[in-house]
Structure formats: structure tokens, C-alpha cells
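Hello,

Here is the structure I promised to pass on to you. My notes on what turned up in it follow below.

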Amino acid sequence: HLRINKTVNGLGLDEDPPAGWTARESQNAGALFKKAELQWLWVQRLQAGQTLTVVYELVVPASTPAGLFKLSGQLTSFSPRFSVPVVGDAEIRVF
């Protein structure tokens, strides 16, 4: 979930799962979804007070060894210009 605390233009979310993992989008909060890059882009102006929820499933290749894998990502905006790391579920354990 993301709660907008000021008006923003050109908001983007870029998630970076481990190499070879793919995603299935479930909920995009009105964003354009670029599956190959695992990116969401909101082309509309977002107003203070809005809450955005993006939901997706990660598909882990069957050849992935058991272990703990870290996820990372960035939330960026064109105006006002900013870039901050994504927080939330940052690790996935594969059994």
C-alpha cells in the first residue's frame, strides 16, 4: 500500500525480483504495467490522500534452490522529483 501525502505527477514503481523470476499482476491501482521490467507507471496526477495498492504474484522457477531471497525496488516521481526504496515484504523463503 502507498498513501500519497502530496500531489505527484509521473509516479513509478520498479520492483526487482531475483533473475529469472516472473510476475503475474493481480491489482494495479490504475497504473500501466510493464511486465518485462516489473514496473508500474501512473500517468495521471495523484492527489494527496490517495491510497494505492499494487498486488502481484512472483513465479519462482522450479530450478531455484532452497534459501532466502531478497527483493528490492524503487518508487520514483517526475514531479516533485524523488526516488525512495520500496519497503514491505523484502525477503522470500524458498523451500
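**The core**

The largest nonpolar core holds 17 residues, and those with the most contacts inside it are Ile 4, Leu 11, Trp 40, Trp 42, Leu 46, Leu 52 and Leu 58. A nonpolar core here is a set of buried Ala, Val, Leu, Ile, Met, Phe, Trp, Tyr and Cys residues joined through side-chain atoms within 4.5 Å. Buried means under 20% relative accessible area, exposed means over 50%, and partly exposed is in between (1.4 Å probe, protein chains only). Strands E2 and E5 each supply at least two residues of this core. In soluble globular proteins, nonpolar side chains tend to be buried together.

Leaving aside residues up to four places away in sequence, Ile 4 touches Leu 11, Leu 46, Gln 47, Ala 48, Gly 49, Gln 50 and Leu 52; contact means heavy atoms within 4.5 Å.

Before you read on, please keep in mind that this is a predicted model: local features need pLDDT of at least 70, side-chain atom pairs count only at pLDDT 80 or more, and totals for chains, interfaces and linings use all residues. Residues are numbered from 1 along each chain as its sequence is written, and side-chain values use heavy atoms, with hydrogens and water left out.

**The overall picture**

The protein has 11 strands and zero helices. Helices (H or I, at least four residues) and strands (E, at least two) are DSSP runs, numbered from the N terminus. The C-alpha atoms fill a box of roughly 45 × 20 × 20 Å along the principal axes. Of the 95 residues, 25% are buried. Among contacts with a separation of 6 or more, 69% are between residues 24 or more positions apart. The accessible surface comes to about 6,200 Å², and 54% of it belongs to carbon and sulfur atoms; areas come from the Shrake-Rupley method with a 1.4 Å probe, and for residues only the protein chains shown count as cover.

**Strand E9 and its partners**

E9 pairs with E2 (residues 11-16) in the antiparallel sense over five bridges, where two strands pair if DSSP finds at least two bridges between them. Within that pairing, Gly 12 has Thr 76 as its bridge partner. E9 is also joined to E10 (residues 82-85) by four bridges, again antiparallel. Leu 75 stands opposite Val 84 there, and a hairpin of four residues connects E9 to E10.

**Salt bridges**

How many salt bridges does a search of the whole structure find? The search finds two, a salt bridge being a side-chain nitrogen of Lys or Arg within 4 Å of a carboxyl oxygen of Asp or Glu.

One joins the side chains of Arg 24 and Glu 57 (3.9 Å, N to O). The pair links distant parts of the chain, with Arg 24 in strand E3 (residues 22-27) and Glu 57 in strand E7 (residues 55-59), 33 residues apart. Arg 24 is partly exposed at 48% relative accessible area, and Glu 57 is partly exposed at 43%.

The side chains of Lys 70 and Glu 91 also meet in a salt bridge (2.8 Å, N to O). Lys 70 lies in strand E8 (residues 67-70) and Glu 91 in strand E11 (residues 91-94), so this pair ties together parts that are 21 residues apart in sequence. Lys 70 counts as exposed because its relative accessibility is 60%, whereas Glu 91, at 40%, is partly exposed.

Tyr 56 lies in strand E7 and is partly exposed, with a relative accessible area of 22%. Not counting residues up to four places away, Tyr 56 touches Glu 15, Ala 23, Arg 24, Glu 25, Ser 26, Leu 38 and Trp 40.

Finally, Leu 32, Leu 41 and Val 43 form a nonpolar surface patch with about 290 Å² of accessible area together. Patches are made of residues with over 30% relative accessible area and no salt bridge: like charges are joined within 9 Å, nonpolar side chains (Val, Leu, Ile, Met, Phe, Trp, Tyr) within 5 Å. Val 43 sits in the loop between strand E5 (39-42) and strand E6 (51-52) and counts as exposed, at 63% relative accessibility.

Best wishes
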